[in-house]
Amino acid sequence: MLLEGKNAVVYDAGGGIGGAFARAFAEEGARVFLAGRTREKLDLVADEIRTAGGTADVAVVDALDEKSVDAHADAVVEAAGSLDISVNVISHGDVQGTPMVEMSLADYEQPVVNGVRTTFLTMRAAGRHMKRQGSGVVLLFGGDGDPVRNHAVGGLQVGFAALEAMRRQLAAELGRHGVRTVTLRTGGIPETIPADFPGAEDLTAELAEPTMLGRTATLADVGAVAAFVASDRARSMTAATVNVSCGALVD
C-alpha cells in the first residue's frame, strides 16, 4: 500500500472532495483523521472507511479557528506519533454568479480572507510537526488559472492565487526539512456542484467541453492521484502542481 504507516489529516472530510481524499488515503493504508464542523457527516465517511477495512478517527474542528486547529494537530501527533499528510478543502464561502462590478466588497473578499486564514492555520499546524519529524506532505486543492469567461466567479480565483503563493513559500522554507507541498488542479468536478446551484446543468456541460478526453475528472480520480502524490513514490515532487483536468488545463 502506498500510504501504509502514514497519518493523514483531512479538513472538511465530510464533504465531497474531502471525503474522496479520506477514502483514497485509507484505501492505501493511511490512518485518516477526519476533521470538520459537522460530526454526522464525518461519521458517515468514517463508517465507510471502517467498513472497507480502513482506520479513521473523527474530530469536530473549526479550521478557521487557531486554537481548534493547533489543538487538533497536537492531538493527532500525540495519538498516532506523527502527522504525515495534511489537506484542507473546507469551503471558503465564495459567492458566484454575480458580476464583479455588481458585487459587494464583503462577498468578493470573503473567499480570499477565509482561504488565506484557514490555509495558513492548517499549514502552520502541520508544518511545525512535519519540520520536527523531518518529513511530511501538505496538499492543496484548486490552483490559480485563467479568468472564467462565461461565469462570474467572484473572488474565487484571487483566493486560489494567494494560496499558491503560500504553497510556494512553505515549500521554500520547509523543503530542507523533508516537507513537500503540492497543489492538485482540476478543471472542475461536476459531482461537487449542488443540484440546486443556478445553471448547474449548463456549468457541467461547460466543464466537459474543453477537455481533451471528453470528460471531467471524478472525485475518485482526484482521490487516487492525491494518494500517489502524498506517497513516498512522489518524494521528488514539491513546489509543484499536478494536473488532474482531463486536458482542460494545458501545461
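Guide: Let's start with a word we need: a residue is buried if its relative accessible area is under 20%, exposed if over 50%, and partly exposed in between, using a 1.4 Å probe and protein chains only. This is a predicted model, so local features need pLDDT of at least 70 and side-chain atom pairs count only at pLDDT 80 or more, while totals for chains, interfaces and linings use all residues. Residues are numbered from 1 along each chain as its sequence is written, and side-chain values use heavy atoms, leaving out hydrogens and water.

Now find His 92, in the loop between β4 (85-88) and α4 (105-133); helices (H or I, at least four residues) and strands (E, at least two) are DSSP runs numbered from the N terminus. His 92 counts as buried because its relative accessibility is 13%. Skipping neighbours within four places in sequence, His 92 is in contact (heavy atoms within 4.5 Å) with Gln 110, Pro 111, Asn 114, Gly 115, Thr 118 and Leu 163.

Next, the nonpolar cores: sets of buried Ala, Val, Leu, Ile, Met, Phe, Trp, Tyr and Cys residues joined through side-chain atoms within 4.5 Å. The largest has 39 residues, and Phe 21, Phe 25, Leu 34 and Leu 139 have the most contacts inside it. Helix α1 (residues 16-27) is the top contributor to this core, giving seven residues. Zoom in on Phe 25: beyond four places in sequence, its contacts include Leu 3, Val 10, Val 32, Ile 85, Leu 139 and Ala 230. There's also a second, separate core of 26 residues, with Phe 33, Val 76, Leu 121 and Met 166 among them.
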